[in-house]
Amino acid sequence: MSESSLAELLRSRGLRLTAQRQLILEAVIDLGHATPEQVHSAVREVAAGVNITTIYRTLELLERLGLVTHTHLSHGSPTYHAAGEDTHAHLVCRVCGAVDEVDPEIFGPVADKLAAERGFQIDIGHVALFGVCGRTGCREKQG
């Protein structure tokens, strides 16, 4: 999203574009999938005075505005990514921590079965499967 588009969106909601908001959104986009702590580290490289509370508040605001979304890829902090991306599910390696994306259509049969049998609608954007990735080192460490 361009700076002017972000400024217009914020103004339409009675808010203003601050350098911190712009930096935080850019960090989420640049990092792809990032926890608030990872966003904080990236932003601090440019603006050392930004604290973690500002990061959390801004991520919540950006999510309310529909610019970012989050998912839980572990028991820790949520992981944020740009909302404009295609919906995807996540594959998380328990050994190296790598996060990969997978087309949500792979879950079609499971989603259909849960909808038919239980009336349950899956939010694919929040699906995360944990396992071991295909890297040789990870497979060997798993033993």
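# Briefing: a pocket, a helix crossing and a loop

The residues lining the largest pocket divide into 7 nonpolar, 1 polar and 2 charged (Ala, Val, Leu, Ile, Met, Phe, Trp, Tyr, Cys and Pro count as nonpolar, Asp, Glu, Lys and Arg as charged, and the others, Gly among them, as polar). The model is predicted, so local features need pLDDT of at least 70 and side-chain atom pairs count only at pLDDT 80 or more, while totals for chains, interfaces and linings use all residues. Residues are numbered from 1 along each chain as its sequence is written, and side-chain values use heavy atoms, with hydrogens and water left out.

**The chain as a whole**

- The chain has 6 helices and 5 strands (DSSP runs numbered from the N terminus, helices being H or I of at least four residues and strands E of at least two).
- Read from the N terminus, the order of the elements is α-α-α-α-β-β-β-β-α-β-α.
- The C-alpha trace spans about 45 × 40 × 25 Å along the principal axes of the chain.
- Of the 143 residues in the chain, 35% are buried (under 20% relative accessible area, with exposed over 50% and partly exposed in between, for a 1.4 Å probe and protein chains only).
- Among the contacts in the chain with a separation of 6 or more, 48% join residues 24 or more positions apart (a contact means heavy atoms within 4.5 Å).

**The largest pocket**

- The largest pocket holds about 150 Å³ of space (a pocket is an open set of points on a 1 Å grid over the protein atoms alone where a 1.4 Å probe fits, with protein on both sides within 12 Å along at least five of seven lines; points are joined across faces, edges and corners, and the volume is the space filled by probe spheres set on them).
- The lining of this pocket consists of L91, V92, C93, A98, V99, D100, G131, V132, C133 and R135 (lining residues have an atom within 4 Å of a point).
- Two elements give two or more residues to that lining, namely β3 (89-93) and β4 (99-102).
- Strand β3 supplies the largest share of the lining, with 3 residues.

**Where α2 meets α4**

- Helix α2 (residues 19-31) and helix α4 (residues 52-64) have axes that come within 10 Å and cross at roughly 75° (axes are lines fitted to C-alpha atoms, for helices over the stretch in contact, and angles run from 0 to 180 degrees between N-to-C directions).
- The two helices, α2 and α4, are therefore roughly perpendicular to each other (65 to 115 degrees; under 35 counts as roughly parallel, over 145 as roughly antiparallel and the rest as oblique).
- On the α2 side the contact involves Q20, R21, I24, L25 and V28, which meet T54, I55, T58, L59, L61 and L62 of α4.
- The residues of this contact divide into 7 nonpolar, 3 polar and 1 charged.

- R44 and I122 lie 78 residues apart along the chain, and their C-alpha atoms are separated by 36 Å.
- V46 sits in the loop between α3 and α4, and V46 is exposed because its relative accessible area is 63%.
- Setting aside neighbours within four places in sequence, V50 is in contact with Q20, H40, V43, R44 and I55.
- V50 and I24 are 26 residues apart in sequence, and 9.7 Å separates their C-alpha atoms.
- N51 lies in the loop between α3 and α4, and N51 is partly exposed because its relative accessible area is 41%.
- N51 and H40 are 11 residues apart in sequence and 7.4 Å apart in space, C-alpha to C-alpha.

**Helix α5**

- Helix α5 (residues 108-118) is hardly covered, with 1 buried residue among its 11 residues.
- After α5 comes G119, which has a positive phi near 70°.
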